Amino acid sequence: MQITAPDIFSYRKFWPYKFGPAPVLPMSRNEMDILGWDSCDIIIVTGDAYVDHPSFGMAIIGRLLESQGFRVGIISQPDWRSAADFQKLGKPNLFFGIAAGNMDSMVNHYTADRKPRSDDAYTAGAKAGKRPNRATVVYAQRAREAFKGVPIIIGGIEASLRRIAQYDYWTEKVRRSILPDSKADMLLFGNAERAIVELSHRLARGENIADITDIRGTGFMRQGVPEGWTLIDSTDIDEVGSIEYPEADPYADTSKDQKCEEVREDKRTEEKRTEERLNSGAAQIIHFHERPKKLDRTTTVIRLPSYSQVLDSKVLYAHASRVFHLETNPGNARALVQMHGKRDVWLNPPPQPLSAQEFDQLFEFPYTRKPHPSYGDLKIPAYDMIRFSINIMRGCFGGCTFCSITEHEGRIIQSRSEDSVIREIEAIRDNVPGFTGNISDLGGPTANMYRLSCKDNKIEESCRRLSCVYPDICINMGTNHQPLTKLYRRARAVNGVKRVFIASGLRYDLAIRDPEYIKELVTHHVGGRLKIAPEHTEKSTLSKMMKPPIGNYYRFKELFEKYSKQAGKEQYLIPYFISSHPGTTDEDMLNLALWLKQNKFKPDQVQAFIPTPMALASAMYHTGVNPLKKVGSESEFIDTAKTAKTRRLHKAFLRYHDPENWQMIRVALKRMGRADLIGNGKEHLVPEFTPRLEKARHRNQAQRNQKGNDFHHRIKSKSGKKKAKVFKKPHTRKSSTKKTTKNKFKR
């Protein structure tokens with residue numbers, strides 16, 4: 001990608017640069033005093049524990065702003081129940097920068113079954129409950145309460161994934177953009193280094209936040225479309241019809257529905273009048289299907305269906321999702337606008353990717369590579385997992401519909417130089433306590449996309465494909481893994497390094513294009529097991545995921561085993577699969593279970609699909625429409641597992657070997673007409689009723705229940721010691737029956 005934006009390190013440094021870099025960014029007034037600061041220019045509020053490591057967002061953005069001369073303070077996991085914690089560093093001179101952390105707060109808090117998680121990997125001591133639900137919104141409101149008039153800038157993955165109206169899995173509703181909910185002055189989406197640097201310098205020069213509307217990678221609220229812009233109206237499609245109920249129910253009471261429809265029609269009429277009024281100053285308004293061939297993309301904006309429209313119509317929601325994802329290439333993306341009430345959420349095109357030189361500098365700031373000293377000896381699981389790992393690239397052109405990397409980091413691969421990676425390995429060796437010579441990972445969002453790019457910049461800048469590798473690898477996409485192979489060899493040759501492991505996800509459809517890379521990987525960088533993610537085996541499901549056919553897995557497995565044998569190593573592939581993905585039927589999950597048994601895989605931990613905000617698969621889940629194709633009233637309907645019962649069954653198929661799931665699977669197989677798969681032979685999926693195993697299971701459950709019915713009372717004996725007296729509810733079974741059961745198990 002041709003870089004047209006100014007180098008982020010070319011700005012004149014702000015005057016406090018004379019203070020020099022801080023040993024660690026301050027989290028208290030006392031630390032500020034030691035540094036000689038009377039105030040902070042920028043305060044970053046984060047939902048994660050503060051770890052001064054480039055894998056943590058607050059550290060990389062904080063150190064970047066520090067390198068520009070700004071005094072940056074950190075407020076980590078504040079008590080959001082009042083504004084007090086937001087005042088502890090004083091009033092920032094420029095703005096509050098607010099992020100929920102490295103994860104969306106709802107994904108952080110809840111499982112795929114919407115059950116609260118018992119711990120938090122990004123918190124000291126793994127303690128749960130240190131951040132609120134929808135942390136970005138809550139933090140922004142508290143910061144506004146703490147210091148009125150200070151600009152509020154939101155960013156991070158939670159803000160990125162919620163920048164337009166989005167389906168929220170945890171409330172099963174379409175929520176507004178996070179901008180009006182948080183009342184923030186500006187939203188920075190994606191990896192926001194370019195935007196945050198330019199914004200900070202312009203605010204430092206005295207510009208008003210409300211007047212800064214031309215920075216790429218930013219979103220804000222505004223009224224109407226400015227004069228001189230061309231507005232492409234994409235608020236409608238050919239004909240929006242129902243996709244859920246093709247036939248009317250002749251016995252249904254429609255009086256309430258009619259009333260709701262009247263209210264909706266009034267809202268649409270009012271909205272249309274408002275839109276006409278707001279766009280009255282625009283130079284030209286054209287409809288999506290009428291747009292001329294040549295338009296100046298720098299002054300063209302696409303109007304998405306409004307919040308109220310996507311709230312009312314699932315077809316329009318799917319249409320908005322498709323249009324949004326088609327406008328993600330920095331080389332050709334246009335601005336987007338979506339009405340929320342009487343105001344618009346305006347999103348500028350995505351930022352230009354960083355050059356290798358800029359990317360290198362981001363990772364070579366004076367990080368301590370440790371948690372803030374205030375946490376003492378408390379463990380932060382996320383830090384423990386990554387402290388010996390190195391990020392060599394960002395972005396992913398895979399376009400998997402269930403993954404949010406594309407929506408946040410984009411499809412353009414940004415890679416570091418070899419020298420920079422080697423310097424980081426040496427820094428870990430020399431400075432990180434506990435280093436034993438093993439680098440735990442050398443990767444990124446995808447392990448083997450390092451330095452891969454389109455063969456032609458002009459083609460890349462004009463491309464509008466959702467994926468560079470689906471349905472097959474694009475002929476213009478380079479698949480040469482030699483730079484990565486060379487990096488691996490150089491990394492493991494560093495003095496003091498024993499092993500360099502690859503733990504990031506691997507695109508095996510790319511890897512099989514370069515067998516030499518697979519040989520290098522298998523011979524030197526696999527610790528006995530290599531995790532890869534076919535995700536499914538069935539073509540219909542894989543097509544909704546935009547994942548390659550299972551044949552690519554077989555080819556990779558063949559090469560993996562060949563080179564493992566040549567290296568004299570016994571190594572295994574550990575495939576990962578997703579249950580309940582949109583487009584997955586019970587039959588698909590049954591076929592996957594049969595494949596797992598045939599290949600002797602018994603997955604222990606399995607992943608159920610979670611509809612994360614704004615992902616294409618989430619649009620499928622919510623609407624039942626396939627946004628991978630042009631959306632219309634006749635769009636393909638996608639069968640999706642939504643009920644808890646069906647989702648449990650799909651997960652049970654992945655764990656077909658667990659006796660706890662056998663009864664559920666038996667019932668399903670009989671319903672599906674596949675009772676032939678029930679039996680005790682090798683050709684069967686689950687066994688018939690097995691007294692020993694299942695009675696043992698019921699007995700163990702009964703024992704657990706009995707323990708729950710026991711209650712203890714402490715009483716003092718004559719000697720003054722406490723004794724535990726246990727009162728049990730009377731057992732209803734006869735003793736003879738109990739003895740017979742015991743004897744059966746003995747035999």
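Trainee: How many cavities of 30 Å³ or more does the structure hold?

Mentor: There are 5. Keep in mind that the model is predicted.

Trainee: How much space lies in the largest cavity?

Mentor: About 270 Å³.

Trainee: Which residues lie nearest its centre?

Mentor: P350, P351, H408, E409 and G410. The lining of the largest cavity has 22 residues in total.

Trainee: How does that lining divide into nonpolar, polar and charged?

Mentor: It holds 7 nonpolar, 8 polar and 7 charged residues.

Trainee: Which helix gives the most to the lining?

Mentor: α13, with 4 residues. That helix spans 405-409. α7 (193-204) also supplies at least two residues of the lining.

Trainee: Switching to the sheet of 3 strands. What order does it have?

Mentor: β20-β21-β22. The sheet is open, and the pairing is parallel.

Trainee: Which strands stand at the edges?

Mentor: β20 (529-535) and β22 (607-608). Each has a single partner strand, so one side of each is left without a neighbour in the sheet.

Trainee: Over how many bridges do β21 and β22 pair?

Mentor: Over 2 bridges, in the parallel sense. β21 covers residues 572-579.

Trainee: Which residue stands opposite A608 in β22?

Mentor: S579.

Trainee: What holds paired strands together in general?

Mentor: Strands of a sheet pair through backbone hydrogen bonds, either parallel or antiparallel.

Trainee: And where does helix α20 lie?

Mentor: Helix α20 (residues 551-566) lies across β20 and β21. It runs at about 160° to β21.

How values were computed
Residues numbered from 1 in each chain as written. Predicted model: local features only at pLDDT ≥ 70, side-chain atom pairs only at ≥ 80, totals over all residues. Heavy atoms only, no water. 1 Å grid on protein atoms, 1.4 Å probe; cavity = no way out; pocket = protein on both sides within 12 Å on 5 of 7 lines; lining within 4 Å. Points joined across faces, edges and corners; volume = space filled by probe spheres on them. Nonpolar A, V, L, I, M, F, W, Y, C, P; charged D, E, K, R; others polar. Pairing = 2+ DSSP bridges. Contact = heavy atoms within 4.5 Å. Axes fitted to C-alpha atoms, helices over the stretch in contact; angles between N-to-C directions.
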